[in-house]
Amino acid sequence: MRLNKEIFSGEVAEAFFGARCLIFPLGEGYFEGVKGLGDFSPTSIVLRFSSFSIKVEGEKLEIGKFLDGDLYLRGKIRSFQVEDGK
């Protein structure tokens with residue numbers, strides 16, 4: 001837990017406060033702190049957070065559940081990219 005505190009402190013922690021991602025290799029993903037959705041297709045989805053967005057690309061992507069900022073994404077995630085701004 002000490003490493004976790006070191007990594008998630010300072011400016012980086014402030015920029016990404018409340019946002020977490022858990023990605024299973026060549027599998028699904030779980031995202032916390034999602035404020036909304038942008039473009040969505042079976043191969044690409046944009047997740048909007050407070051101060052940034054994440055573009056997820058993969059195959060057969062579909063939303064398993066989206067409730068209170070928690071989003072479960074089904075399908076095969078191949079890549080994701082953090083984008084500045086909303």
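The model is predicted, so to speak, with rules attached: local features need pLDDT of at least 70, side-chain atom pairs count only at pLDDT 80 or more, and totals for chains, interfaces and linings use all residues. Residues are numbered from 1 along each chain as its sequence is written, and side-chain values use heavy atoms, with hydrogens and water left out.

Six strands make up an open sheet, in the order E1-E2-E6-E5-E4-E3, with antiparallel pairing. Strands here are DSSP runs of E with at least two residues, numbered from the N terminus, and two of them pair if DSSP finds at least two bridges between them. In general, strands of a sheet pair through backbone hydrogen bonds, either parallel or antiparallel. At the edges sit strand E1 (20–23) and strand E3 (36–41), each pairing on one side only. From one strand to the next, the twist averages 35°, taken between lines fitted to C-alpha atoms, with angles running from 0 to 180 degrees between N-to-C directions.

Going through some of the pairings, strand E2 (residues 29–32) meets strand E6 (residues 70–84) in the antiparallel sense over three bridges, and Gly29 has Leu73 in E6 as its bridge partner. E6 also pairs with E5, again antiparallel, over 13 bridges; Val56 stands opposite Phe80 of E6. These two strands, E5 and E6, form a hairpin with two residues between them, and Asp68 in the turn has a positive phi of about 50°. On to strand E4 (residues 44–48): E4 pairs with E5 in the antiparallel sense over five bridges, with Ser53 in E5 as the bridge partner of Arg48. A hairpin of three residues joins E4 to E5.

As for aromatic rings, the structure holds one pair. Phe49 and Phe52 are stacked, at 4.8 Å centre to centre and 5° between the planes (ring centres within 6.5 Å make a pair; planes under 30 degrees apart count as stacked, over 60 as edge-to-face, the rest as tilted). Phe49 counts as buried because its relative accessibility is 4%, and Phe52 is buried too, at 5% (buried means under 20% relative accessible area, exposed over 50%, partly exposed in between, with a 1.4 Å probe and protein chains only).

Ile63 lies in strand E5 and is partly exposed, with a relative accessible area of 31%.

Technical notes: Helix = DSSP H or I, 4+ residues; strand = E, 2+ residues; numbered from the N terminus. Phe/Tyr/Trp six-rings, centres within 6.5 Å; stacked < 30°, edge-to-face > 60°.
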